[in-house]
Amino acid sequence: MSYLNIDAQAQNTYDAIVIGSGISGGWAAKELTGKGLRTLVLERGRDVRHVTDYPTTNKQPWEFEHRNQLKQEVREANPIISKCYAFYEGTEQFFVKDAEHPYVQDKPFDWIRGYQVGGKSLMWARQTQRWSDFDFEGPARDGFAVDWPIRYADIAPWYSYVERFAGITGNKDGLATLPDGEFLPPHEWNCVEKHFQQKVAAKYKDRHVIMGRAAHLTQPQPIHFQQGRAQCQHRTICERGCPFGGYFSSNSSTIPWAAKTGKMTLRPHSVVHSIIYDEKKGRATGVRIIDANTKQMQEFYARIIFLNAAALNSNLVLLNSTSHRFPNGLGNDSGVLGKYAAFHNYRAGISGEYDGNLDSTTDGRRPNSPYIPRFRNVLKQETNFLRGYASGFSAGRMSRSDQSGVGADLKENLLNPKLGGWYVGSHMMGETIPKESNYLALDPSLKDPFGIPQLKISIAYDDNDDKMVKDYQEQLTEMFTEAGFKNIRVRDSHAAPGLDIHEMGGVRMGKDPKTSMLNKWNQLHAVKNVFVTDGACMTSTSTQNPSLTYMALTARAADYAVKAMKKGLV
Ligand SMILES: Cc1cc2nc3c(=O)[nH]c(=O)nc-3n(C[C@H](O)[C@H](O)[C@H](O)COP(=O)(O)OP(=O)(O)OC[C@H]3O[C@@H](n4cnc5c(N)ncnc54)[C@H](O)[C@@H]3O)c2cc1C
């Protein structure tokens, strides 16, 4: 009997286990297999194969049963995800439905998830900016959270490393606040966006309007062709999955790359329940899963474990990994696990109209738009709130379709819409301050369909966020006015946190094990063979879209982990 058990254990033993196959898990899989480790990737959702599993990718609007709109009953059944702009008939298959995986909103929180191979990398908006030292030094300088254990110099080479492979379009703008990367050629501006850029540059020394940096192949390099990816076609229906691999997703890039090594075992339908801690060995030895099809619990073992279930779920897995040694969650000697969760403040926006450049219009589509890096409180504290915001910006020509006439006249009118003036718009991307009172916990009684405690989310905006919204509205109004825009209207959606889909923290990095969970290599201070490299590790949020930083931190941690394994350190 014992022989059989030993056999079963050997069969289920790998060098490394990666939990989650989204943006960060895909990178962990690629790096660990690339360095020769037999790696098991555990993914709770179904498999989604590049191209073959993008059922709506080539559909025209008229080929959808509901013209690519959500049915009223879908909307009513999914009040949370229906708030997300990317959820429509063509993308329904990639979003977790509200009722499927319940969680407890101690305070209102719109949790947008993608449970499948590739995670949210299929649906994301692909904006990718580097952090700078203004971001990594933020908490120490402004006295909140704890100091990051790393600085820009620690991660800069890893940004370059992941950018070259993922393919990032952008312009080298030479800004200290937003370091340049290894860019493919930038996207083009339209004349009103250019006009705004020039007006802002003429009035403000410290405010810049630049072309967005995004994970699109504007000019694929040999490394991208080797991945089987091709040039972005500007179809702008990316969130349905791209058959060209024109944007970066785990499905088109890291997961098939890892598979090619022959070292990866991908196990979909594997809901990770907890990480197994061996008290005698003083280390994690493996992972317990519930098989989503059979509902049976199973164990897998490995020397190192990368936790990449996305920020909130990684908190859940650690909180649920209890033992005599760690009664309050794995590695939670400090008591900070689940605390200091943070997110981005996307509540505010502004729109306007412009009656110049009426002799010009736009031509074609562009899967990207201009970006205004943070300019508030960068060199000194200058407002009544901490930190600042970045902003998106774009301009386009208004058009009105003329549905009058019949037959050839109607056709003619529809094909030649009447052009109006220009509309301009921007949205805010604000930093929030991680606080102990914004926390994640396990609900003591409610369980999910797999018998795992439901996650209780207790996260809210505060006074700092409200002041930031007001400042964004005032400053952008001033900038829009300077550019000659008219009919300027500001808005505050007052939406609950969550729709920014940039949740972070709860397993933060830090120098001191008494106040943080992870060291500078993303290792749990107290369990050195467990690495957490998704958004859960973030000590603060800054304003940049976060996923590029998760990719770089993951590649860096994987490099360290394999070297440490070889030296017998983990
Ligand atoms: C509409 C939209 C727009 C976005 N735009 C941007 C953007 O422009 N720029 C940007 O930087 N970010 C953007 N994001 C956010 C971005 O998608 C996430 O930051 C990123 O995907 C996080 O990577 P991850 O690996 O942590 O998580 P994910 O990509 O979500 O992957 C996590 C994986 O873990 C799996 N998993 C979860 N729990 C378990 C478990 N218990 N057991 C096993 N597997 C589990 C999930 O099924 C999933 O596959 C956007 C997201 C959305 C939805």
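First, the ground rules. This is a predicted model, in which local features need pLDDT of at least 70, side-chain atom pairs count only at pLDDT 80 or more, and totals for chains, interfaces and linings use all residues. Residues are numbered from 1 along each chain as its sequence is written, and side-chain values use heavy atoms, with hydrogens and water left out.

Now the ligand. How many residues surround it? There are 36, and the closest are Ser24, Glu43, Ala125, Val272 and Ser547; a residue is near the ligand if one of its heavy atoms lies within 4 Å of it. Sorted by class, that shell holds 15 nonpolar, 16 polar and five charged residues. Here Ala, Val, Leu, Ile, Met, Phe, Trp, Tyr, Cys and Pro count as nonpolar, Asp, Glu, Lys and Arg as charged, and the others, Gly among them, as polar.

Three elements, α2 (23-34), β8 (270-278) and α13 (547-566), each supply at least two residues of the shell. Helices (H or I, at least four residues) and strands (E, at least two) are DSSP runs, numbered from the N terminus.

For Ala125, a backbone N or O atom lies 2.8 Å from a ligand nitrogen, and a polar backbone atom of Val272 is 2.8 Å from a nitrogen atom of the ligand. The protein covers 97% of the 980 Å² of accessible area that the ligand has on its own, by the Shrake-Rupley method with a 1.4 Å probe.

Next, a record. An unreviewed UniProt entry annotates residues 113-322 as "domain: Glucose-methanol-choline oxidoreductase N-terminal"; such annotations may be inferred rather than shown by experiment. That span is 28% helix and 19% strand.

Asn68 sits between β2 (39-42) and α3 (72-77), and Arg126 between β3 (104-105) and α4 (133-136). Arg126 counts as buried at 7% relative accessibility, where buried means under 20% relative accessible area, exposed over 50%, and partly exposed in between (1.4 Å probe, protein chains only).

Last, the cysteines. With a disulfide taken as a pair of cysteine sulfur atoms within 2.5 Å, the count is zero.

How values were computed
Polar contact = N/O pair within 3.5 Å; in protein donor to acceptor, adjacent residues only side chain to side chain.
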